[in-house]
Amino acid sequence: MIKVEQLSKSFGKIRAVQDVSFSALDGQITGLLGPNGAGKSTTLRMIYTLLKPDSGVAYIDEIDISQFPIEARSRIGVLSDAQGVYDRLTTRENIRYFGQLQGMNDQDLENRMDELLIMLDMMSIADRRAKGFSTGERLKVAIARAIVHNPNNILLDEPTNGLDVKSTRTMREFIRKLRDDGKCIVLTSHIMQEVAALCDKIIIISNGAVAAQGTPDEILNKTRKDNLEDAFIEIIGSEEGLA
Amino acid sequence: MKNIWVIFRKETLDSIRDTRSWMTGLFSAMFGPIMLGILLVLLGSSTQDDLNNPLTLPVQGSEHAPGLIQFLTSQDVIIVPAPADFETAVKLGDVDVVLVIPEEFGGEFSSNKSATVQLVLDSSRQSTVIVVLRIQTLLEGYSSYIGKLRLIVRGVSPEVIEAIAIEEIDTATPQSQAMLLISMLPYFIIFVIFTGASPIIIDITAGERERKSLEPLLINPVPHKIFVVGKLLSAFPFSMASLALTLISFGMIFNIVPLEKFLGIQISLNVITLIEIFLLCLPVVFLASAIQMLVASFTRTTKEAGTYLPFIALIPSLPGLLLAFFSVKSNLWLMLIPTFGQQLLINQMMRQEPISILYIVVTVLATILVATIFTWLAILLYERENILFR
């Protein structure tokens, strides 16, 4: 469970995020929708503690991230925009490195790795070095290492960005499966369809601030539109930066 | 502690698999010793030839001065006829020098005037300097010998024309002469400590950023300073391997190449001295890795890092270059300058001079202190959020 209260962040004169508040429940997919540059990634980065908020607080499983960043980080799995894997390490070695940094013991780690290799259908590349992997294969390695410690909260920054149709479908199925396992999932997207198809709760962000939030039904009711895409455009006021 | 080990192990494995990087590092570690070895052998053999081979002297008009020719022959000079166009031959370097005895020599000589001979030489040709010098010495010897004979004939002591008698007492032992060349050695040793670490440092800092794996890595629940320490330590084995390889190469060159025969000297670079130098340089491994880590962490790409780091490797080696040209005496203040203190001490170790334990302690502590400061600065850098987003 993730709770965000009045987070703000400026870079110089640019106010990237202003008073953003929302909560994301376990067993739900919460989507941050907004055009490119709206402040979605900055919000996410503050939650996974690599950016310090200028003001406001965030809690991960009721842990204050500003006071206990290390503890908070061990309860989240993050698939960020940067998904670089180590080319000279094998799939297993890549995942094992992150598992060890999460403080897992050897036996748990090996068991969990086998589980993930099967779950993500990557047994065939388990002991190959990552150099020469396809985009899809790299993504799988990045996902596996992000959730190797079986975190309760999962943050995904534009998870289907740059993926082909098949990989996008696989990714969406995987996100739903995590939700069904009771995880708290927060993802960002600038793709209206994706958010409409996946999310149980939608936070619409525009110019660094929350423009609207609620379940898909609530958003439809509020705007009196009969489809989500029209509702999004109505709320944001423009189609620019969306897809 | 466990995390430092996890990071160290991963980075070391990753770097070992990057064969091309560490091979380049090791090659550059051998480059210095091999070059110095070749230089010593070439220099040694040319000096050797000039000093010990019998001198061959082309002479034009030898028939005009039979006495001089006889004197030269008695001094082991082989007299050969000069080539027809001797000036061109000297210009082209076919012969080093030609002695020309003009026709009037005999007449001038008999009438007690200064009889003129000409030496045709090319002073811009460095390689002929020794030959020319030997001939000049011989001719002056003959001239002074005849002059003294003439004074004695007239009942005058030859000492009246020697207002000052110069005796040369050369304090340079053969070993210390060769040391002038070999004082380049500390420079190479410090340099390879830096270059041995730099490809690894570039890969684990700028490389990590360039591959877009830095952000996922830093999201792990590990304090960022642990990453700095683990990564820093992983450069040590490579830097140490370069250092060891250089020392072994120098050791082999000074023990296998017959410098005794070439230069008439024997360098003492035995196993114990090599081990002492290795241990003395370990704090420099720390320093070289730390300062390069700090600078490489500022850079955005490996290419950018690759342009900065070689300059860092040069800075600490500059005092070593001074050593090659000036005679610098060790003192306690100089020991406070990291890398320079070590270079002075390495020099002393090679000369088998007694070394003050205090000097060693001071230089080791000073180096570790400076390296710790650089590490601390790198940690501060990694704890700032713009390590990722800039």
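Predicted model: local features only at pLDDT ≥ 70, side-chain atom pairs only at ≥ 80, totals over all residues.
Residues are numbered from 1 along each chain as its sequence is written, while chains are lettered from A and ligands numbered from 1 in the order in which they are written.

**Where the chains meet**

Chain B brings 19 residues to the contact and chain A brings 22 residues (residues are in contact if their C-beta atoms, placed from the backbone, lie within 7 Å). On the side of chain B that touches chain A, two or more residues come from each of α1 (2–17) and α10 (214–218) of chain B. The most come from α1(B), with five residues. Helices (H or I, at least four residues) and strands (E, at least two) are DSSP runs, numbered from the N terminus.

**The sheet in chain B**

Four strands of chain B make an open sheet with mixed pairing, in the order β2-β1-β3-β4; two strands pair if DSSP finds at least two bridges between them.

| Edge strand | Residues |
|---|---|
| β2 of chain B | 77–81 |
| β4 of chain B | 118–121 |

Each edge strand pairs on one side only. Strand β3 (residues 97–100) of chain B runs antiparallel to β4(B), joined by four bridges. V98(B) has V120(B) in β4(B) as its bridge partner.

Helix α3 (residues 66–74) of chain B lies across β1 (55–60) and β2 of chain B, at about 135 degrees to β2(B). Axes are lines fitted to C-alpha atoms, for helices over the stretch in contact, and angles run from 0 to 180 degrees between N-to-C directions.

Terms used: Contact = placed C-beta atoms within 7 Å.
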